[in-house]
Each structure stands twice: as C-alpha cells, then as structure tokens.
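Hi,

Here is the structure I promised to pass on. Have a look at it first, and then read on for what I found in it.

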Amino acid sequence: MARGSGCRWLGLKDGQGKPLSTCVALATGMKCLPVDKVAKASGNVLHDWHAEVLAIRAFNRFLVDECADLAAKGMSGISDFLKWRGAHETEHLALQSAVKKQQTTSTVTERGRSPTSGTDEHEGRRTTDALSNLAYMDGQQPFEVRDDVKIYMYISEAPCGDASMELTMAAQEDATPWPIPVTEPPHESSDNHLTFHDTFLVHPPSAPKMLGRGHFDRLGIVRRKPARPDAPPTLSKSCSDKLALKQCTSLLSSLVSLLVHPGNAYLSTLVLPESQYVQSACERAFGAQGRLAPLTDPEVSSRWTGTGYAFVPFTVLPTSREFRYSRRSTAAGEELVPSNLSSLCTPWRQEMLINGVLQGRKQFDPKGASTVCRRSMWRLVAQVVVATAVATGSRRTEPLDRILEKRTYRQVKDANDLEGRKRVKVAVQDVLGGWVRNDGDENWSRDGSNLK
Ligand SMILES: [Zn+2]
C-alpha cells in the first residue's frame, strides 16, 4: 500500500443493535484533478478520488445497483438496505407474504385444486395495487433506505482539511505555516477560462482564496485538497469540508437523490483510528457546536422544511484498530513504495483506477469511464427510472424522466426537482464561507457528446 493512500469504507448496521455490519463500499484513494483539466473530464473522469470521496461514490453506485435489482424483482422484491418508498417493513412484509400466498394459491388453482380462484385473483390484484400505492406516498423518489439500517464509515487516516489540521501541525518540525502558493489565472484562450472567470466572480481577487495545507494555524476554514506546492492547482474541496456538507445533503449524490429519498441516507457514525482522532478538531469541523453551529438556528432549518433534508451531525468515534496497510502498521523490514493506484469495491463491482479513470486507459478516453463517474451514474439512474415504471405499472416516474432526458448535465443539475438540495447546499456553503466552486465540466450529454 502506498504511503499517503488510505482505506475508507461504509458499512451498515441493524438499527435494533443486532451485530450486523456489512461492508457495502470500500475504497482506497489518491488525489484529484487539477483545475486546468476539469473542463476536459466530460463527466467521464472523476474530479476527486481521495478515498473518502471514492468510497461515497461507490456507496451511491451500490444504492443504484440495489435500486436496479429491486426494480427488476418488482414491487414484492426485498433488499437488505433499500425498500420501495413508503412501505413500512412490517406492512410491506405482510403485503409481500399476501402476494406470495396469492401466487401459491394461483399455482394451486392452475392445477385445478381451488374452487375460489376468482376471488383469489381479485385479492392478488388488490394487494399488488396496495404495494404500488405505498411506494409513492408523498414524494417522487421510488426508494428509501430501510428504517432498520444505520450507515457507518471507517476511515484509516484523518480526513484532509480542517479535521486534520492539528495532526498536520504536530507533524511539523517547524510549526511556521507554509507560504500560500500563488496561482495565476490561465490565458483567456484556454478551455478552463470559464471556471476561473466564475471563480473570480464569486471570489474577487481581493478575497482570500482556498488554502490547502498552507497557514495551518487557521482553523475552521474551507480548504482545497492539499498537494505539494509544485503540484498543479485544484479547486476540489478537502474531505473534511465535503463530509461536513454531507451532514446536510445526506450521502446521496444529486442524481441518486432523484431515486432514493435522503431521509435515512445520512452517515450515522464516522470511525477513526485513535492515532488520527483529535476530538476538538472533529467537533470544530463537523459538530453542531463547531463551524456549522449557525445551521442549528431554527430560522435556517425552517427554510429547509419540505426539502427532505436536515442538519444531521454524525458521531465521530475513535477505534484502536488501524488499517492493516496504514503507514503506521508497517512491520520491521517492510518497505513503503509509492503507487498511483486507487480502488473501489462494492458487493456488485470492483475497479482499479489511475488518475480518475480505469487502469489501463488513457485519462480522457471515454472507454476509461469508471462505473461511479457522473456520466455512468446518469445513464444508470435513467435506466432504473424506466425499470421502476415497468415494475410499478405507474406513470408517476414521468417527472423523473423529464429531468433525466435533459440535454446536458448542467440542465439536469438545474432542474427544479433538485432545487431543495441546491438550497441546502448553498446554505451550508454560506455558513462555511470561502467555498469556491469547481465548475466547468457540465456541458456534456448522457450519450457521450460534449456540447459547447
Ligand atoms: Zn482527502
């Protein structure tokens, strides 16, 4: 395992306290895309493949794979993690068993043993209709995370950014903050002109730019992904900042939030090795008393009413267990070697990635697109919406169809149905302050063309 890489995984636990923990997404990660390459990514290249971000992407992919499986099974299908929306487990299981009974009865009827086949057929249809209605109570997402599921995330290294600043300081021989690298905007003819233009509109040159590890004495601020001072600049935000935001938007990506209701898709607990845990740093970065405290103001939360979102701070717990391949677990005689590999794994798939694309492909070759990249996710979510409509015999997925048939990814993101999520995101970014957007890779279509 390379020095600097880490392991992150998301597991799920039975809400009744049963010792059930299934790893549904695991990732090791590396770095992120420089800002001057973002416009060329075309939805195929990941912008950020730090382990936390990759694990959350893998988790989203896992959920959509589960949705696809449920849709293929139909309304009586069961998943350990998801359910058709609005179906309470007990009610759902009772209805499922009723459906099964009807199916069994129907088989018997075919054998000519039941004199009451007409009534059974009617009952069966009525039960299936009831399941169909349950699935679409009060909202458009067809699925939700089961009530008895809790989501945990183990990370082998403290997340980069605010939650690890004390560790960064402690690691310095000289605690004098590093100088901030000065980044010049590119020439106007370059592809990413708009990105920088937008950046300067949001943050005029007089405003402070996002720091990486520089000025590590400044705590509680939004930082970009740390990199060596000579590395090309990036506008990807640190994992601490992205995790802080996920406490409000849930772990769901915007596309997946069209399929799955965010209500029970929040991280319950973040687990860190003791060596990586600084309580005050975690409380500052993520806690309700820390930099996100303004979000607890009822005035703020009232503006989110009806969006399905809320500020749900996760618990941070230390563990004595270190990742087997952590730099701190190196045995005598073992040597750490550099590597540029990242990986992800879910019960449905696994991938090896280099530079945000599949290993063995050139970085901007569309064939190198990961199954967790934005274009792959858009395609899959659209397919699941169609399968859901077939499974339910319902036309109520039409609003989703309309969003997913948009011409560009930008238009999907701007759709009214994602307005609530966007409102929450902007509110959090305002509270955190200094959040510079990493725009410039939205004008591509689902089928693969890049639209200018
Ligand atoms: Zn990170």
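Does Arg374 count as buried or exposed? The model is a predicted one, so keep that in mind throughout. Arg374 has a relative accessibility of 14%, and because the cut-off for buried is under 20%, it counts as buried. Arg374 is located in helix 9, which covers residues 374–392. Setting aside residues up to four places away in sequence, Arg374 touches Gly43, His47, Arg57, Leu255, Tyr409, Asp441 and Trp444.

Now the chain as a whole. There are 12 helices and 11 strands in it. Of its 452 residues, 49% are buried. Take the contacts between residues at least 6 apart in sequence: 74% of them join residues at least 24 apart.

The buried ones are Cys239, Ser240, Asp241, Leu243, Ala244, Leu245, Lys246, Gln247, Cys248 and Thr249. What do the buried residues of helix 6 pack against? Their partners are helix 1 (51–73), strand 5 (149–155), helix 7 and helix 12.

Let me take the helix 12 partner first. Helix 12 spans residues 419–432, and its axis comes within 9 Å of the axis of helix 6, with a crossing angle of roughly 140°. Angles over 145 degrees would count as roughly antiparallel, so at this angle helix 6 is oblique to helix 12. The crossing of the two helices is right-handed. On the helix 6 side, the residues that meet helix 12 are Leu245, Lys246, Cys248 and Thr249. Facing them from helix 12 are Arg421, Val424, Lys425, Val428 and Gln429. By type, the residues of this contact divide into 4 nonpolar, 2 polar and 3 charged.

Next comes helix 7, residues 279–286. Its buried residues are Ala281, Cys282, Arg284, Ala285 and Phe286. Looking down the axis of helix 7, these buried residues fall within an arc of 165°, so they line one face of the helix. As background, an α-helix has 3.6 residues a turn, so residues three or four places apart point the same way. What covers the buried residues of helix 7? The cover includes helix 4 (165–170), helix 6 (239–249), strand 7 (267–273) and strand 8 (315–319).

The loop leading from strand 7 into helix 7 holds Gln276. Gln276 has a relative accessible area of 10%, so this residue is buried. Apart from neighbours within four places in sequence, Gln276 is in contact with Ser156, Glu157, Ala158, Leu167 and Arg328. Gln276 also sits 8.8 Å from Pro159, C-alpha to C-alpha, although 117 residues separate the two in sequence.

Helix 4 has a residue worth checking too, namely Met169. Leaving out residues up to four places away in sequence, Met169 touches Phe216, Asp217 and Leu219. Ser250 belongs to the loop between helix 6 and strand 6 (260–261), and at 0% relative accessibility Ser250 counts as buried. Ser42, another residue other than glycine, also has a positive phi, near 50°. Ser42 lies in the loop between strand 2 (21–28) and helix 1, and with a relative accessible area of 9% Ser42 is buried.

Happy to go through any of this with you.

Cheers

Definitions and conventions: Residues numbered from 1 in each chain as written. Predicted model: local features only at pLDDT ≥ 70, side-chain atom pairs only at ≥ 80, totals over all residues. Heavy atoms only, no water. Buried < 20%, exposed > 50% of the residue type's maximum accessible area, 1.4 Å probe, protein only. Helix = DSSP H or I, 4+ residues; strand = E, 2+ residues; numbered from the N terminus. Arc of directions from axis to C-beta. Contact = heavy atoms within 4.5 Å. Axes fitted to C-alpha atoms, helices over the stretch in contact; angles between N-to-C directions. Parallel < 35°, antiparallel > 145°, perpendicular 65-115°, else oblique. Left-handed = near helix turned anticlockwise from the far one by under 90°. Nonpolar A, V, L, I, M, F, W, Y, C, P; charged D, E, K, R; others polar.
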